[in-house]
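Biologist: Could you put the model up so that we can go through a few of its parts together?

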Amino acid sequence: MAELGSKGVTAGKIASNVQKKLTRAQEKVLQKLGKADETKDEQFEQCVQNFNKQLSEGTRLQKDLRTYLASVKAMHEASKKLTECLQEVYEPDWPGRDDTNKIAENNDLLWTDFHQKLVDQALLTMDTYLGQFPDIKSRIAKRGRKLVDYDSARHHFEALQTAKKKDETKIAKAEEELVKAQKVFEEMNVDLQEELPSLWNSRVGFYVNTFQSIAGLEENFHKEMSKLNQNLHDVLLGLDKQYSGNAFPVKAQPSDSTPAKANKSPSPPPDGSPITSPETKTANHELEPSTLEAPGASIPKSPSQPAEAARAGAEAAGSEAAAGAEASKAEADSGSSSLPAVVVETFPATVNGAVEGGASSERADMPPGFLFKVQAMHDYTATDTDELQLKAGDVVLVIPFENPEEQDEGWLMGVKESDWIQHKELDQCRGVFPENFTERVQ
């Protein structure tokens, strides 16, 4: 019997709720059609609009704060990996190794503390602030339903009162339902009328406290991080001073306002060897003994006698060689640095009057104006489009500048031997490179 009673009560409650929903739906339809008036409260409606705006702004702030915290965590991980990399490359015998390890440890602790304080002082406060909105939103919706019930009860009571055939019993019951609906509605309405304006005004203090907390935490974090960075800077400065003799300064790129090769100075090689000027190299290399040799004649090595050397060789080699010597003299008088290449191509080497085919064939495979070979002793990273990228061990075929005035001190023009063998094209392969990064091999 108890179960039946319980089921009966439940069934009755369900039926009552269904009837309420039908009554409310009917009332809303009549109100929209203009057949029934609706109780309006403009002041309360303004409070509801403010509430919805406040909820929207708070939700957005919570979302952005979570994104900010995720970014802080990502930066923490990135910073941690960076300091771990420094610890790995910092060799045990370098000064300040213990300091770098301590700095890395403090860096990790500082990031962790910053993130946790943001969670405690900003995110949790944000969650608490937004936690009150769902309940109020539910009460606002319930107030709206109770207002419909009140309007429906009012309209039903008015209809019975104006009916031609009045039923006092029904009128009395309808009046009782009206009073009951009005009381429920007004109780909820009064509470919300007090809470909503107070909640709306509380947003100012909440925003102030939240952003003050974030700003203060950021200020302290960056202040402490600045100290760690200064400590790291001092440690690395000490390392640089101790090993400054092996430092390799990076050559700056030319600015857009100056010519690409104007006043170009080569970078010193990593081994600290001195820079040799191209004029000294030219004086030493141009007048090396050439493959031109005739019985009873020799080419002097003095840099002040290139024309006489060519003329002596021409007389010994015959009329055909004489013509080539005159051409060599003309180039020597004009100051060209391509004399060795011209001499080689015009006067093949001879032994007892016979031409040595091996030397002539080898020179014929070289680029026009070939001077000599060098080998890169150190890697060189090109910083401009007209420079050669070199790796230690690369062989470069040195050739003269088309315009000697374009040659800067300490720089040579050439083409990598591998590129020349593959392409046989100077325009695409040649470039300038610092002479002091190479060593002459031939």
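This is a predicted model: local features need pLDDT of at least 70, side-chain atom pairs count only at pLDDT 80 or more; totals for chains, interfaces and linings use all residues.

Biologist: What is the order of the strands in the open sheet?

Modeller: The five strands run β6-β5-β4-β3-β7 with antiparallel pairing, where strands are DSSP E runs of at least two residues and helices H or I runs of at least four, numbered from the N terminus, and two strands pair if DSSP finds at least two bridges between them.

Biologist: And why is one side of β6 and of β7 left without a neighbour?

Modeller: β6 (431-434) and β7 (438-440) are at the edges and have a single partner strand each, so one side of each lacks a neighbour in the sheet.

Biologist: How many bridges join β3 to β4?

Modeller: Four bridges link β3 (residues 372-376) with β4 (residues 395-399), and Phe372 is opposite Val398 in β4.

Biologist: Changing topic, where is the kink in α5 centred?

Modeller: The kink in α5 is centred on Arg203 and is about 25 degrees, the bend being the angle between axes fitted to the seven residues ending at a residue and the seven starting there.

Biologist: Is Asp151 buried or exposed?

Modeller: Asp151, in helix α4 (residues 133-162), is buried at a relative accessible area of 1% (buried is under 20%, exposed over 50%, partly exposed in between, with a 1.4 Å probe and protein chains only).

How values were computed:
Residues are numbered from 1 along each chain as its sequence is written. Side-chain values use heavy atoms; hydrogens and water are left out.
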